[in-house]
Amino acid sequence: MGFSVGDFISPEANFARWGTDKVVGKALDNRVGCALMAELLQAVNNPEITLYGVGSVEEEVGLRGAQTSAEQIKPDMVIVLDTAVAGDVPGIDNIKYPLRLGDGPGLMLFDKRYFPNQHLVSALKNSAKASRAPLQFSTMKTGATDGGRYNVMGGGRPVAALCLPTRYLHANSGMISVTDYDALFALVHELLTTLTAEKVNAYRDFRQVP
């Protein structure tokens, strides 16, 4: 075939729609988070808040991009948009990986480097109800989201991580559900458009949110 030992080979991984609800493509972890972030920056119009969007690098080797952005921006609160393993295929422990495609985005209750702010968790649950977006819950004992750096920056910041269930996460092509993508957009949009400066300050200072 003309290949030698040591040659780098990358399978072709074109973007495609499968059926009415599935999308496959290269590096959906975490291109879908970047796409959601871009759509939210275009759609959210709330003069009470200032939005920053971060597409970070080197998450897999120590959340390094998250740390540098945290020190540069010094955010008051953080919503992480990421992906997580969907355990709805044969050969995967669906107790360890409970997320399923089509059942909504997953709210990460903890990972190896992060715990979410409980007031923010409550707000996201309320936003899911208000936007009629399905919501799942998950944990991750062996990996971490960028929330682990924002969690401890400065005096610490309130963080919550929302993850799209994704099949074949680190393979050449991943798979997500359009339903889950739309639901994640809807609930985060609901949260951001209803935030006030008073609420943001309460989150930042770890006080009861009015």
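Okay, housekeeping. It's a predicted model, so to speak of local features we need pLDDT of at least 70, and side-chain atom pairs count only at pLDDT 80 or more, while totals for chains, interfaces and linings use all residues. Numbering runs from 1 along each chain as its sequence is written, and side-chain values use heavy atoms, with hydrogens and water left out.

Pockets, then. A pocket here is an open set of points on a 1 Å grid over the protein atoms alone, where a 1.4 Å probe fits, with protein on both sides within 12 Å along at least five of seven lines; lining residues have an atom within 4 Å of a point. Volume is the space filled by probe spheres set on the points, which are joined across faces, edges and corners.

The largest pocket holds about 1,000 Å³. It has 41 lining residues, and Tyr-52, Gly-53, Val-54, Val-78 and Ile-79 sit closest to its centre. Helix 1 gives the most to that lining, seven residues; helices are DSSP runs of H or I, at least four residues, and strands are E runs of at least two, numbered from the N terminus.

The second largest pocket comes in at about 330 Å³. Its 19 lining residues include Glu-59, Glu-60, Met-140, Gly-143 and Ala-144, the closest to the centre.

Now the core, meaning buried Ala, Val, Leu, Ile, Met, Phe, Trp, Tyr and Cys joined through side-chain atoms within 4.5 Å. Buried is under 20% relative accessible area, exposed is over 50%, and partly exposed is in between, with a 1.4 Å probe and protein chains only. The largest nonpolar core has 49 residues, and Leu-162, Leu-187 and Val-188 touch the most other members. Helix 5 supplies the largest share, seven residues.

Last bit: salt bridges, a side-chain nitrogen of Lys or Arg within 4 Å of a carboxyl oxygen of Asp or Glu. That rule gives six. Asp-21 and Lys-22 pair at 4.0 Å, N to O; Asp-21 counts as buried at 16%, whereas Lys-22 is partly exposed at 24%.

And which residues does the Arg-204 to Asp-76 pair link up with in a network? Asp-205 and Arg-207 are in there with them. The closest N and O atoms of Arg-204 and Asp-76 are 3.8 Å apart, and that pair joins helix 6 to the loop between helix 2 and strand 3, 128 residues apart. Arg-207 and Asp-205 come to 3.7 Å.
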